[in-house]
Each structure stands twice: as C-alpha cells, then as structure tokens.
Amino acid sequence: MKRLFLLIALFTAVPAHAERYDFGQGVAAMGCAMLNSGYSRSEVEGVLNSLERLIIRDGISRRGQTQMASGFNYQTSRLNCSLRYRD
C-alpha cells in the first residue's frame, strides 16, 4: 500500500520539471529514503524504473537527462547511498 501511494504521488508531479538538476536530486533523496525505511532494493529500483519510463515517454531532452542524472548522482553520493543513475 505504501508503494502504491508513493507511485501515485510521484506520477502526479513528474512532468513539470524533470529536466532540472534539482529534480534528479529529489528523486535520489526519495529513493535513498525508501531504502533507509526498509524497502528492498528491488522495490526502489521498480519505482525508479517506472518514473524513468514516464519521464522518457513525456519527451525529456538529452540535455535534460544529463542534468537529471547529474543531480541524481550528486545527491546519492552526498547521502552515501548505493543507488546510481543508469544510462
């Protein structure tokens, strides 16, 4: 049930600013918080994969993908979290 709530919350906010560095940071913070809260890595990866598919479907540019990945990787390293953006 918690996972469903998180998915709904994410998907309603996705298209607005996905091409921004800070959007990547926010996604990373959410994923790391999920890991720290007891979600399995596969559950977290599933949420992140679903979010990625939605962002790509909505037409994120290459530049936007680069900015988002940079923000994501910065935040995961800052939080000492094992998640890393995958190309």
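**Note on a disulfide and a helix pair**

1. Cys81 is buried, with a relative accessible area of 8%, where buried means under 20% relative accessible area, exposed over 50% and partly exposed in between, for a 1.4 Å probe and protein chains only. Cys32 is buried as well, at 3%.

2. This is a predicted model, in which local features need pLDDT of at least 70 and side-chain atom pairs count only at pLDDT 80 or more, while totals for chains, interfaces and linings use all residues. Residues are numbered from 1 along each chain as its sequence is written, and side-chain values use heavy atoms, with hydrogens and water left out.

3. The structure holds 1 disulfide, a term for a pair of cysteine sulfur atoms within 2.5 Å, and this link joins Cys32 to Cys81 with an S to S distance of 2.3 Å. Cys32 lies in helix H2 and Cys81 in the segment after H4, 49 residues apart, so the pair links distant parts of the chain. With -110° about the S-S bond, the link of Cys32 and Cys81 is left-handed.

4. Helix H2 (residues 21–36) and helix H4 (residues 62–78) have axes that come within 6 Å and cross at roughly 40°; helices here are DSSP runs of H or I with at least four residues, and axes are lines fitted to C-alpha atoms over the stretch in contact, with angles from 0 to 180 degrees between N-to-C directions. That makes H2 oblique to H4, since angles under 35 degrees count as roughly parallel, over 145 as roughly antiparallel, 65 to 115 as roughly perpendicular and the rest as oblique.

Terms used. Helices (H or I, at least four residues) and strands (E, at least two) are DSSP runs, numbered from the N terminus.
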